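Have a look at it first, and then we'll start with a pair of helices.

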Amino acid sequence: MSLPDAPDPWWRTAVIYEIYPRSFADHDGDGEGDIAGITARLPYLADLGVDAVWIAPWYPSPMADGGYDVSDYCDIDPRFGTLDDADAMFAEAHRLGLRVIVDLVANHTSSQHPWFLAARAAEPGSPERARYHFREGTGLDGGEPPNNWISAFGGPAWTRIDDGRTPAQWYLHLFAPEQPDLNWEDATNRDTFDDVLRFWLDRGVDGFRIDAAPGMSKHPDYPDFAYPDPQKFATATWTDNPHWDVDTVHDIFRRWRRVVDAHPGEQVLVAEAVVNGPERLARYLGPDEIQTAFNFDYVHAPWDPAALREVIDRTMTALAPIGAPATWAMSSHDEVRHATRFGRAGETTWGGPSQTSDLELGRSRARAAIMLTLALPGGAYLYQGEELGLEEVEDLPDAVLQDPVFTRTGGRIRGRDGCRVPLPWSGTEAPFGFSPTGASAPWLPQPAHWRDLTVEAEQGDPDSMLSLYRTALAVRKETADLLGPSFEWLPSAGDVLRFRRGTRFECVVNLGPDDVPTTGPVVLSSDSAPSGNVGPDTAVWIVHDVPPEIP
Ligand code: NOJ
């Protein structure tokens with residue numbers, strides 16, 4: 001199977017490294033990461049071999065949802081720095097050959113955004129209220145929510161305001177109550193966000209990651225939805241939902257694409273869209289809409305040959321007709337780190353309860369998995385710290401947890417803080433170089449054993465996860481076949497994934513319990529002590545001297 005030939009803008013094959021700014025590197029010593037910290041560490045990322053960074057939100061925010069509650073779209077939160085710091089970061093990134101993608105959170109604002117404060121203060125039916133979804137309640141005195149919609153973080157998606165009016169209205173928030181949803185039917189919102197895009201384009205960004213893209217349009221009649229499970233905001237299983245993946249949402253992105261295309265350069269839009277399968281995802285992509293999307297079906301695939309093969313096939317089959325490149329990722333600031341997931345069976349999302357994980361197994365699978373990921377056609381996303389083999393920190397004390405999921409579910413779900421623990425850079429004690437000496441403690445505590453997983457500890461070790469990532473990224477960059485569109489499965493046993501890219505490059509991933517024979521000269525193995533065979537939970541890259549005959 002091949003993706004169609006297409007002109008080659010950078011984003012078609014880019015490896016993009018996600019930075020969660022609060023946890024990446026702290027320059028000013030307040031225990032939280034900042035932009036100056038990012039800038040100082042950009043040479044590390046250039047050396048790692050990624051093509052771009054995606055910065056999770058750094059805008060002014062009350063931090064009710066880790067920055068995904070924005071109170072000003074055209075500024076920087078003082079905890080992270082200033083616009084001048086951002087400009088300096090863009091300049092340094094570009095000097096090093098790295099592109100920069102920023103996060104655009106336009107499904108909702110913060111409840112502290114001046115637009116929402118004005119809407120609360122205004123009359124029902126006013127233009128200020130029209131920027132959000134304010135509705136009358138149902139039941140006696142309008143005391144029940146307008147409909148049965150649920151929030152991603154637990155509980156109803158509606159909160160009643162207390163403004164002294166009778167009856168008081170309710171507002172919609174698909175996420176936390178501190179994140180009121182914007183009404184995208186409102187012309188002022190549409191015009192304003194065109195300007196927000198231009199503001200960042202003019203400052204030199206190379207793209208936008210569109211947060212919660214499928215949520216942005218709602219059914220105009222706000223009908224109830226028959227949730228398969230009203231405890232779960234399980235968008236990947238919903239069809240015909242009135243507040244997720246509604247057809248009118250595509251008008252917004254076609255409009256944004258026109259804004260981006262009118263700007264000189266090759267900026268990219270990336271959809272964050274958890275929808276019901278690659279076929280629905282493909283509807284967001286194309287020459288007049290979004291260029292690429294984060295591939296959640298792959299993120300959520302278990303370490304299982306049939307599941308992986310299926311998601312790879314479905315992704316490429318769905319994207320081929322529109323000529324959009326696939327992307328592949330295993331972790332993010334929202335997911336249980338994959339070194340942990342791959343070391344356990346069963347439920348693998350952050351919604352699941354804490355379970356034990358065989359981290360040694362998880363890490364060897366993670367080594368094989370990054371070689372699979374980087375050998376697939378299209379682009380890839382890495383999440384900060386996966387290159388060090390960091391695991392999910394699942395024993396954070398309740399008192400430090402900040403994810404609204406924890407409180408909104410009454411502690412039933414611990415949430416996503418465990419993948420957001422500050423990175424270990426150097427040294428043998430916390431904060432492991434995350435902050436300068438004498439700084440405040442990191443905003444989430446780091447496990448003591450991360451002393452063995454610092455950048456400093458791993459960079460001199462040829463067998464470390466970091467060395468594997470560096471080598472794999474370097475080989476990928478030098479191997480034209482890996483950056484081209486061709487992809488073909490090769491015959492293999494059921495628990496082995498074997499495919500060829502171009503005529504000479506071959507990737508073999510053994511997910512079974514037995515060794516399988518090597519089929520040619522190995523240029524890279526995920527096993528730091530490779531034998532002549534490909535062992536269990538191991539991947540190899542093979543480059544044949546001459547194109548082999550395939551039986
Ligand atoms: C997706 C973001 O990645 C996540 O962190 C956030 O909580 C929700 N969207 C709401 O903005």
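Two packed helices are described by the angle between their axes and the distance between the axes. Keep in mind, too, that what you're looking at is a predicted model.

Now find helix α5, residues 187-203, and helix α6, residues 249-261. Their axes come within 10 Å and cross at roughly 35 degrees, and the crossing of α5 past α6 is right-handed. Who does the touching? From α5 it's R190, D191, F193, D194, L197, R198 and L201, and from α6 it's D251, I252, R255, W256, V259 and V260. Sort that contact by residue type and you get seven nonpolar residues, six charged ones and no polar ones.

Next stop, the ligand. Around it sit D65, Y68, H108, F153, F175, R209, D211, E272, H333, D334, R416 and R420. That shell splits into seven charged, three nonpolar and two polar residues. In D334, a side-chain N or O atom is 2.4 Å from an oxygen atom of the ligand. D65 has a polar side-chain atom 2.6 Å from a ligand oxygen, and for R416 the corresponding distance is 2.9 Å. How much of the ligand does the protein cover? On its own the ligand has 290 Å² of accessible area, and the protein covers 97% of that.

Most residues other than glycine have a negative phi, and most peptide bonds are trans. M63, though, is not a glycine and has a positive phi of about 65 degrees; you'll find M63 in the loop between β2 (52-55) and α2 (83-95). Then there's the peptide bond from T166 to P167, which is cis, with omega near -10 degrees. P167 belongs to the loop between β5 (158-160) and β6 (170-172). Further along, the bond from A430 to P431 is also cis, with omega near 10 degrees, and P431 lies in the loop between α12 (404-408) and α13 (455-459).

Technical notes
Residues are numbered from 1 along each chain as its sequence is written. This is a predicted model: local features need pLDDT of at least 70, side-chain atom pairs count only at pLDDT 80 or more; totals for chains, interfaces and linings use all residues. Side-chain values use heavy atoms; hydrogens and water are left out. A residue is near a molecule or strand if one of its heavy atoms lies within 4 Å of it. A polar contact is a pair of N or O atoms within 3.5 Å; within protein, one must be able to donate a hydrogen and the other to accept it, and residues adjacent in sequence count only if both atoms are side-chain atoms. Accessible areas come from the Shrake-Rupley method with a 1.4 Å probe; for residues, only the protein chains shown count as cover. Ala, Val, Leu, Ile, Met, Phe, Trp, Tyr, Cys and Pro count as nonpolar, Asp, Glu, Lys and Arg as charged, and the others, Gly among them, as polar. Axes are lines fitted to C-alpha atoms, for helices over the stretch in contact, and angles run from 0 to 180 degrees between N-to-C directions. Helices (H or I, at least four residues) and strands (E, at least two) are DSSP runs, numbered from the N terminus. A crossing is left-handed if the near helix is turned anticlockwise from the far one by less than a right angle, and right-handed if clockwise. Contact means heavy atoms within 4.5 Å.
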